[in-house]
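Here is a walk through one protein chain, written for someone who would rather look at side chains than at tables. Keep the viewer open as you read.

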Amino acid sequence: DPSRCSEGTDMFEYGCRRQDGLMCREGFYNPDMLLSVPDKCVSPVSKKMPVSIGARLIFSDPYACVLFLKERVEDLAMGHNYRLYLGKGVKREKAFDIAKERIFEKTAVFGCGTIGLLACAVLSKAAGSKKNRIVAIGKNHPDSNVVKFIKKNTNVEYLFAEGGKSEQAKALEKALGGKATLFIGASGSPVEHRIAFECGALGNNAIYSSFSIGPSITIN
């Protein structure tokens, strides 16, 4: 995240240096940011870690990404939407607080893979007020382990994605009780931005955040 690299510094997120050509190309991590793998987690014969353990460790990075996403959402909401409340006589600092809280009023999480699942967990806490609603929509069967986990550990409502984009948009709006104030796309499918923009599931002064790798987002 180069935006976190201040003037006069050459180190940013994940301990990468500018001259390293970014982590995505070099695969470089600052050693100070890594934890040693306990010996008991590595086979003394193959010197490798079992897949069963490695699979559990993948959550650390996307979880951090979702935490950063939450920060960005709050920053954008305060930077833009606080003006909505200044006009109503609210003091500047209070307007920032209101804007930050209300951006989570009607949150849609489209896709329940790794990122979607973690977004549900993180934003369930971030939403704060009981008036705020979070709806996750995905192709996961309602009886799947993912959906059971969401229902057990969060206050997120799950919506099974059925029908075309128009039907899904209407179902989402009904479940949220209005248009989304925050729409997180994490399905990897271009249908998510079409539901948000073409079908109008995204409200005014709302935030659309794409966490999907691959699909191009086109907006008229």
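## Two phenylalanines to begin with

Are F110 and F183 buried or exposed? F110 is buried, and F183 is buried too; here buried means under 20% relative accessible area, exposed means over 50%, and partly exposed is in between (1.4 Å probe, protein chains only).

Before going on, a word on where this comes from: the model is predicted, so local features need pLDDT of at least 70 and side-chain atom pairs count only at pLDDT 80 or more, while totals for chains, interfaces and linings use all residues. Residues are numbered from 1 along each chain as its sequence is written, and side-chain values use heavy atoms, with hydrogens and water left out.

## The chain as a whole

The protein chain has eight helices and seven strands. Both kinds of element are DSSP runs numbered from the N terminus: helices are H or I with at least four residues, strands are E with at least two. Of the chain's 220 residues, 36% count as buried.

Contacts are heavy atoms within 4.5 Å. Take those between residues at least 6 apart in sequence, and 56% of them join residues at least 24 apart.

## Aromatic rings

Searching the whole structure turns up four aromatic pairs. To pair, rings of Phe, Tyr and Trp (its six-membered ring) need centres within 6.5 Å; planes under 30 degrees apart count as stacked, over 60 as edge-to-face, and the rest as tilted. F110 and F183 have ring centres 6.1 Å apart and planes at 20°, so this pair is stacked.

F110 sits in strand β3 (residues 106-110) and F183 in strand β6 (residues 180-185), so the pair ties together parts that are 73 residues apart in sequence. Those two phenylalanines also belong to one aromatic cluster, made up of F110, F183, F197 and Y208.

## From β6 to β7

Strand β6 pairs with strand β7 (residues 202-210) in the parallel sense, over five bridges; strands pair if DSSP finds at least two bridges between them.

## The buried side of α4

Which residues of helix α4 are buried? In α4 (residues 92-102), A95, F96, I98 and A99 are buried. They span an arc of only 170° around the axis, which puts them on the same side of α4; the arc is that of the directions from the helix axis to the C-beta atoms. What covers these buried residues includes α3 (60-86).

## Salt bridges

A salt bridge here is a side-chain nitrogen of Lys or Arg within 4 Å of a carboxyl oxygen of Asp or Glu, and by this rule there are five. One of them joins the side chains of E74 and K70, at 3.1 Å from N to O. E74 and K70 are both in helix α3, four residues apart, which is about one turn of the helix. E74 is buried, with a relative accessible area of 14%, whereas K70 counts as partly exposed at 21%.

Another salt bridge brings E157 and R133 together, at 3.2 Å from N to O. This pair links distant parts of the chain, with E157 in strand β5 (residues 157-160) and R133 in strand β4 (residues 133-138), 24 residues apart. E157 is partly exposed at 33% relative accessibility, and R133 is partly exposed at 37%. K179 and E173 form a salt bridge too, with their closest N and O atoms 3.5 Å apart. Partly exposed is the label for K179, at 39%, and for E173, at 30%.

Most residues other than glycine have a negative phi. K47 is not a glycine, yet has a positive phi of about 65°. You'll find K47 in the loop between α1 (23-26) and α2 (51-57), and K47 counts as exposed at 62% relative accessibility.

N205 also has a positive phi, near 60°, without being a glycine. N205 lies in strand β7 and counts as partly exposed, at 28% relative accessibility.
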